[in-house]
Amino acid sequence: MAAINHHHQDTNTPVTANAISSSKQPPPSAKSVDTQSVHKRLQSELMALMMSGDSGISAFPEEENIFCWKGTITGSKDTVFEGTEYKLSLSFPNDYPFKPPKVKFETACFHPNVDLHGNICLDILQDKWSSAYDVRTILLSIQSLLGEPNTSSPLNTQAASLWNNQEEYRKMVEKLYKPTA
């Protein structure tokens with residue numbers, strides 16, 4: 001019986017030693033793996049956006065940081081925003097695309113769903129976010145939002161109350177619009 005216990009210990013010893021030695025090696029950092037996959041995803045989205053040929057939207061990484069982009073949208077034809085161009089900032093979290101980017105207007109935008117600080121109230125940037133969305137769909141959604149605001153939950157109540165009078169609204173857009181360089 002002692003031999004059985006001894007043999008049992010011998011067979012367990014290598015397993016225990018291997019378990020201890022493998023536990024001393026740090027597991028690959030989930031954060032670095034995520035960052036690499038996010039980096040790859042954003043590079044892929046940049047290429048797709050450049051190849052899409054969509055008019056009135058563009059975005060590029062800011063300098064060498066793939067997580068910070070500058071975007072541009074133009075107001076759609078036959079809307080009060082026709083002829084305007086707006087700069088946006090897009091900041092991607094480390095867990096993108098599972099969490100939405102933070103998107104803000106850098107150009108002042110008089111709009112029911114944009115506050116004075118450039119924050120945007122758009123469901124796909126909040127509770128309706130899906131990892132299936134990409135930079136292109138975000139920019140197209142914001143461009144669409146310009147001409148079709150949600151006036152029932154405004155961030156800018158003055159803009160929301162003026163929205164029904166498109167002639168006066170256009171005058172206000174022209175008065176407040178300051179293109180950025």
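Here is a chat about the labels used for this predicted model.

User: Let's start with T72. Why is T72 called buried?

Analyst: T72 has a relative accessibility of 13%. Buried means under 20%, so T72 counts as buried. You'll find T72 in strand β2, which covers residues 65-74.

User: What does T72 touch, if we skip residues up to four places away in sequence?

Analyst: T72 touches G56, I57, S58, E85, Y86 and K87. To count as a contact, heavy atoms have to be within 4.5 Å.

User: Why does C121 count as partly exposed?

Analyst: Its relative accessibility is 23%. The partly exposed label sits between the buried cut-off of under 20% and the exposed cut-off of over 50%, so C121 gets the in-between label.

User: Where is C121, and what does UniProt place there?

Analyst: C121 is in the loop between β4 (102-105) and α3 (135-147). UniProt, in an unreviewed entry, places the feature "active site" at C121. Setting aside neighbours within four places in sequence, C121 is in contact with N113, Q126, L145, S153 and L155.

User: On to the rings. How many aromatic pairs are there?

Analyst: The count comes to 10 aromatic pairs. One of them is Y86 with Y177.

User: What makes Y86 and Y177 an edge-to-face pair?

Analyst: Their rings are 5.4 Å apart, centre to centre, with 70° between the planes. Pairing needs centres within 6.5 Å, and edge-to-face needs planes over 60 degrees apart, so both tests are passed. Y86 lies in strand β3 (residues 85-91) and Y177 in the segment after α5 (166-176), so the pair ties together parts that are 91 residues apart in sequence. Both tyrosines are buried.

User: And why is the pair W129 and Y133 called tilted?

Analyst: That pair is 5.6 Å centre to centre, with 55° between the planes. Stacked is under 30 degrees and edge-to-face is over 60, so 55° lands in the tilted group. W129 is buried, with a relative accessible area of 13%, while Y133, at 26%, counts as partly exposed.

User: Which residues do ring pairs link into a cluster?

Analyst: The cluster is made of F81, Y86, F105, F110, W163, Y169 and Y177.

User: Last one: what lines the largest pocket?

Analyst: There are 14 lining residues, with A108, C109, F110, D115 and L116 nearest the centre. By class, the lining has seven nonpolar, five polar and two charged residues. The volume of this pocket is about 190 Å³.

Definitions and conventions:
Residues are numbered from 1 along each chain as its sequence is written. This is a predicted model: local features need pLDDT of at least 70, side-chain atom pairs count only at pLDDT 80 or more; totals for chains, interfaces and linings use all residues. Side-chain values use heavy atoms; hydrogens and water are left out. On a 1 Å grid over the protein atoms alone, a cavity is a set of points where a 1.4 Å probe fits but cannot get out, and a pocket is an open set with protein on both sides within 12 Å along at least five of seven lines; lining residues have an atom within 4 Å of a point. Grid points are joined across faces, edges and corners, and a volume is the space filled by probe spheres set on the points. Ala, Val, Leu, Ile, Met, Phe, Trp, Tyr, Cys and Pro count as nonpolar, Asp, Glu, Lys and Arg as charged, and the others, Gly among them, as polar. Helices (H or I, at least four residues) and strands (E, at least two) are DSSP runs, numbered from the N terminus. Buried means under 20% relative accessible area, exposed over 50%, partly exposed in between (1.4 Å probe, protein chains only). UniProt positions are given in the numbering used here, feature names are shortened, and annotations may be inferred rather than shown by experiment. Rings of Phe, Tyr and Trp (its six-membered ring) pair if their centres lie within 6.5 Å; planes under 30 degrees apart count as stacked, over 60 as edge-to-face and the rest as tilted.
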